[in-house]
Amino acid sequence: MSSVPADADTSAPGFRPDQLEGFRIGVTSDRRSDDLIAAFERRGAEVTHAPTIRMSGAGDDGMLEEETRAIIAARPDILLATTSFGMRRWIEAADAVGLGDELHEVLEHGRIYVRGPKARGAIRAAGLDDHGMSERETTTSMVDLVLKQPVDGLTVAVQLHGYTDESQLARLSAAGARVLTVAPYRWTMHEDTGRVLRLIEGICTGGLDAVTFTSAPAVEALFAIAAEAGRLEALQSAFRESVVAAAVGPVTAAPLVEAGILPIVPDRFRMGALIRLTCEHLESSALRLDTVGGPLELRGRVARIGGTAVPLGPVSLALFRALVAAEGAIVPRDALAGAAPEPLDPHAVDMAISRLRSALPDPRIVATVIKRGYRIAVPA
């Protein structure tokens, strides 16, 4: 694995090797996935990696060269630089086909706006300077900045970042600008759909506590594969109800929000911030309750009871979570059946509770209330 980013290192504030013990996290990214996986595993999480898309270069078929030549010929008045990686790759690709000097000269005489500090760093590393940075690291914010001044009759070049926000390009066109685009890289569906299908099943059946996303196409690819498998509705319901969707920024979050899913999004759209927010959110989601068997903490799939850690299967976990959340109140059998990841009749609920009791260090923790249901036995 690659080295872990500073934000994810053991020296980071709040780091504990057991911080995520019991929690299961899905990682959907391809690029820089090792950083995310290592950061979560170092904190005790169980990680499932299933990249939904793969970043591919756009220059293999000559399209990038064609787009570069068109921009050089148009001599744009404005360039919108969206990503550090995209700008670096574009400049390197232009150099490789002998267009580097011409591209530099053209960009030097226009106004350059950047979407964030990383894009600004790439611009300055290329010997160029920018005329402004958007308030938020979104394409919408960058277009807002550009449209503070008239663009009617101007040519605007936009460096795309693998996900084309057509609505923002349309805003520029509607304001009278001629819009040209360049895509130094593109997203394609990952070839290993088997891993993605297993991830989808884990989400739908309660096998995961959180899933991270670092690009909007990764979300859309997950939805597309789930739809083909007939699991889209179950997948989206799981995200709305029990599985945390963690998005690196608002652009990535957009397709989740459109599906009625409320993701967690860090204030700073960085990998390290995503790691910290996911850790904090999961840790705060742990359920704690005093029981007749001692203090109970339910963290992901692991129940800690009186110092003993007990891993639970999907059905036992779902029923136990419903009981613990009730904090000692009675939970009827039909409510427990509804909480299970698979259909259960009343007899199956009783059998599942029996298996749960057998797994716990003190079976008295789950008490039967005759003809009414079950509850967690708490001290009087």
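Trainee: How much space lies in the largest cavity?
Mentor: Heads up: this is a predicted model, where local features need pLDDT of at least 70 and side-chain atom pairs pLDDT 80 or more, while totals for chains, interfaces and linings use all residues. Residues are numbered from 1 along each chain as its sequence is written, and side-chain values use heavy atoms, with hydrogens and water left out. A cavity is a set of points on a 1 Å grid over the protein atoms alone where a 1.4 Å probe fits but cannot get out; points are joined across faces, edges and corners, and the volume is the space filled by probe spheres set on them. On that basis, the largest cavity holds about 70 Å³.

Trainee: Which elements give two or more residues to its lining?
Mentor: Lining residues have an atom within 4 Å of a cavity point. There are ten of them, and Thr139, Val158, Leu160, Asp165 and Leu169 are the closest to the centre. Helices (H or I, at least four residues) and strands (E, at least two) are DSSP runs numbered from the N terminus. The elements you want are helix H6 (139-146) and helix H7 (166-174).

Trainee: What share of the protein chain is buried?
Mentor: Buried means under 20% relative accessible area, with a 1.4 Å probe and protein chains only. The chain has 15 helices and 17 strands, and its C-alpha trace spans about 80 × 45 × 35 Å along the principal axes. Of its 380 residues, the buried share is 49%.

Trainee: Which residue with a positive phi follows H9?
Mentor: Within H9, the buried residues include Pro217, Val219, Leu222, Phe223 and Ile225. After the helix, phi turns up positive, near 75 degrees, at Gly230.

Trainee: What covers the buried residues of H8?
Mentor: H8 (residues 193-204) reaches 16 Å from its first C-alpha to its last. Its buried residues are Val196, Leu199, Ile200, Gly202, Ile203 and Cys204. Their cover, counted by contact (heavy atoms within 4.5 Å), includes strand E1 (24-27), strand E2 (46-49), strand E10 (210-213), H9 and helix H10 (232-241).

Trainee: Which side chain joins that of Ser84 in a polar contact?
Mentor: Ser84 sits in helix H3 (residues 84-96) and counts as buried because its relative accessible area is 14%. Leaving out residues up to four places away in sequence, Ser84 touches Lys118, Ala119 and Ala122. A polar contact pairs N or O atoms within 3.5 Å, one able to donate a hydrogen and the other to accept it, and sequence neighbours count only if both atoms are side-chain atoms. At 2.5 Å, the side-chain partner is Arg88.

Trainee: Which backbone nitrogen does the Asp130 side chain reach?
Mentor: Asp130 lies in the loop between helix H5 (117-125) and strand E6 (132-133), and is buried at 11% relative accessibility. Its side chain makes a polar contact of 2.9 Å with the side chain of Arg120. Beyond four places in sequence, contacts of Asp130 include Ile112, Val114 and Ile123. The backbone nitrogen, reached at 3.1 Å, belongs to Gly132.

Terms used: Buried < 20%, exposed > 50% of the residue type's maximum accessible area, 1.4 Å probe, protein only. 1 Å grid on protein atoms, 1.4 Å probe; cavity = no way out; pocket = protein on both sides within 12 Å on 5 of 7 lines; lining within 4 Å. Expected span 1.5 Å × (residues − 1).
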